[in-house]
Amino acid sequence: FVGHPSTGASGVAFGVEYIRATNESETQWMITFAGGVKIGGENGPPVLSVEGEIVKNGISRITLMTLDEWQPLPVLPVPRMEGTCLFYPDSIVGIDVHAFVE
């Protein structure tokens, strides 16, 4: 794991929110994270940014993105890509993927 490629951070960032308005109210919490994953060393694909949030009784999200195009072979350019998974409380999963060709 490495820092998020768009922030220049040196490591993974985490955040935790914990809310309980009164003694009788239900506890709510959310964990957020942002970082990067480097696979394959210098000759591998660009750093994959990973960010998201895990929410109690809410919609949790994970987004993966490449900020740069990658060309593993001279005839095979791979465009910048972004994909998001949404995890709903009723167990439905939504997936959305985009490629950016310039």
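By class, how many nonpolar, polar and charged residues does the lining of the largest pocket have? Please also describe the strands and loops of the structure.

Analyst: This is a predicted model, in which local features need pLDDT of at least 70 and side-chain atom pairs count only at pLDDT 80 or more, while totals for chains, interfaces and linings use all residues. Residues are numbered from 1 along each chain as its sequence is written, and side-chain values use heavy atoms, with hydrogens and water left out.

The lining of the largest pocket has 12 nonpolar, 4 polar and 2 charged residues (Ala, Val, Leu, Ile, Met, Phe, Trp, Tyr, Cys and Pro count as nonpolar, Asp, Glu, Lys and Arg as charged, the others as polar). This pocket (an open set of points on a 1 Å grid where a 1.4 Å probe fits, with protein on both sides within 12 Å along at least five of seven lines; lining residues have an atom within 4 Å of a point) holds about 200 Å³ of space. Leu48, Leu64, Thr66, Met81 and Glu82 are the closest to its centre among the 18 residues that line the largest pocket. At least two residues of the lining come from strand S4 (60-66), and at least two come from strand S7 (80-87) (strands are DSSP runs of E, at least two residues long). Pro5 belongs to the segment before S1 and is partly exposed, with a relative accessible area of 33% (buried means under 20%, exposed over 50%, partly exposed in between, with a 1.4 Å probe and protein chains only).

The strands S4 and S7 are also members of an open sheet of 6 strands, whose order is S1-S2-S3-S4-S7-S8 and whose pairing is antiparallel (two strands pair if DSSP finds at least two bridges between them). At the edges stand strand S1 (13-19) and strand S8 (93-100), each of which pairs on one side only. Between S1 and S2 there are 7 bridges in the antiparallel sense, and there Glu17 stands opposite Met30 in S2. Strand S2 (residues 28-37) also pairs with strand S3 (residues 48-55) in the antiparallel sense, over 8 bridges; Phe33 stands opposite Gly52 in S3, while Gly36 has Ser49 in S3 as its bridge partner. In a regular strand, the side chains alternate between the two faces of the sheet.

The loops can be followed next. A search of the whole structure finds 1 salt bridge (a side-chain nitrogen of Lys or Arg within 4 Å of a carboxyl oxygen of Asp or Glu), and this joins Lys56 to Glu26, with the closest N and O atoms 3.7 Å apart. Because Lys56 lies in the loop between S3 and S4 and Glu26 in the loop between S1 and S2, the pair ties together parts that are 30 residues apart in sequence. Lys56 counts as partly exposed, at 23% relative accessibility, and so does Glu26, at 48%.

Most residues other than glycine have a negative phi. Asn57, although not a glycine, has a positive phi of about 55 degrees; Asn57 sits in the loop between S3 and S4 and is exposed, with a relative accessible area of 53%. Ser91, in the loop between S7 and S8, has a positive phi of about 75 degrees and counts as exposed at 65% relative accessibility.

Technical notes: Grid points are joined across faces, edges and corners, and a volume is the space filled by probe spheres set on the points. Helices (H or I, at least four residues) and strands (E, at least two) are DSSP runs, numbered from the N terminus.
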